[in-house]
Amino acid sequence: MNESKKFRRLALWVKIRRWGITVLIAILVVLAAMPVAYKLTQMRAAKESNEIMRTMEMDNELMAPNIEVSDHYLGNTSVMGGQVISHRYKDIEGYRIPWSPVIQNYSWLTSGGGDALSNATDQSTTALYDRVTEQKIPMFFNARATRPNLKATHDLRKVAATKGAVVEMALTFKQPLTYQQVRAKLPAKVHPQWYWIGVSGTADPTSMDNNLLGYNVKNLAHPERLSQDNYRRFYLGLVKAGETASGMSYDGFNIYKYAGQYAKRYPKGSQAKFAGVIVTGNSEGFQSLTKANWIYASSAGFFRQRSVIK
């Protein structure tokens, strides 16, 4: 009997020892795997954040009506992920105006959230406003839109009648115009900043949260003409956007798809036609435009009395 007890005790001790060794090995494996797993998750998160940042840069290049970017950086980071944040502003005749930031989430578990660049507008009965800064948005219109979110506005006369003000305004053309045609029609003291490429069919730009496609000319060394070298970067951006499988859509109008269609139609800058332009200047400089028969609609954005110190 004693021998039997000794045997059982020995067998139990062997089992406990084996179990202990197994647990110890498991702990060591987990401890060894944790840094590797952490590194893999952070690599995955970094890949996601980099992809979001590239998309945001493309969107800012193509869909930021007279809006500039001051930075791109990662914020609110954790083991799970974080946010890609882009601060933005407008520079209007030397006045630096804050604009809503773009913020998108990223994680190693899921893909980045959201694809809207400026999905932050607040609407009145006659205008759109940036929801974060409450700055008025200069709007473009499509005469073929059957049920537009907002009706076309005509702010030129009111602006021209005001003295001593700084103005940002969107001009929608009756017919598409080339870059050179627009330059020739604008008064010398009215400065073109951003050329809108329009929309197709009956799409309504006033329902697109200011996510509109266009060409920023602020940083051109010679803005008096549109060289093919300058246009090429914009063209390649449109092509890349057109190759994107997904994208923002509004009532059946896909912005990225239209970008690709525009690029195919206008591979050369000299041939490219635009549906509107955002201009800036002093209010007095807009007087001659009040009689322009080539303008379908005019919508003031930033509007402020000039100050001595900007």
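Analyst: A residue counts as buried when its relative accessible area is under 20%, as exposed over 50%, and as partly exposed in between (1.4 Å probe, protein chains only). This is a predicted model, where local features need pLDDT of at least 70 and side-chain atom pairs pLDDT 80 or more, while totals for chains, interfaces and linings use all residues. Numbering starts from 1 along each chain as its sequence is written, and side-chain values use heavy atoms, without hydrogens or water.

Start with the whole chain. It has 310 residues, and 45% of them are buried. It holds five helices and twelve strands; these are DSSP runs numbered from the N terminus, with helices (H or I) of at least four residues and strands (E) of at least two.

Strand S11 covers residues 273-282. Eight of its ten residues are buried. It belongs to an open sheet of five strands, in the order S8-S7-S11-S6-S12. The pairing is antiparallel; two strands pair if DSSP finds at least two bridges between them. At the edges lie S8 (214-216) and S12 (295-305), and each pairs on one side only.

Now the partners of S11. On one side is S6, joined to S11 by nine bridges in the antiparallel sense. There, threonine 280 of S11 is the bridge partner of glutamate 168.

Go in to one residue of S11: isoleucine 278. It counts as buried because its relative accessibility is 0%. Its contacts (heavy atoms within 4.5 Å) reach several stretches of the chain. Beyond neighbours within four places in sequence, they include Glu168, Met169 and Ala170, then His191, Pro192, Gln193 and Trp194. Pro65, Asn66, Pro138 and Phe140 are also touched by isoleucine 278. Tryptophan 194 lies 84 residues away in sequence, yet the two C-alpha atoms are 5.1 Å apart. For the chain as a whole, 71% of contacts between residues at least 6 apart in sequence join residues at least 24 apart.

Follow the chain past S11. Serine 283 sits in the loop between S11 and S12. Serine 283 is buried too, because its relative accessible area is 0%. Its side chain makes a polar contact with the side chain of glutamate 284, at 3.4 Å. Such a contact is a pair of N or O atoms within 3.5 Å; within protein, one must be able to donate a hydrogen and the other to accept it, and residues adjacent in sequence count only if both atoms are side-chain atoms. Apart from neighbours within four places in sequence, serine 283 touches Val159, Ala160, Thr162, Lys163, Gly164, Ala165, Val167 and Arg306.

Leu289 is among the four residues, with Leu171, Tyr262 and Phe286, that touch the most other members of the largest nonpolar core, which has 57 residues. A nonpolar core is a set of buried Ala, Val, Leu, Ile, Met, Phe, Trp, Tyr and Cys residues joined through side-chain atoms within 4.5 Å. A second, separate core has nine residues, including Trp99, Met139, Phe141 and Ala297.
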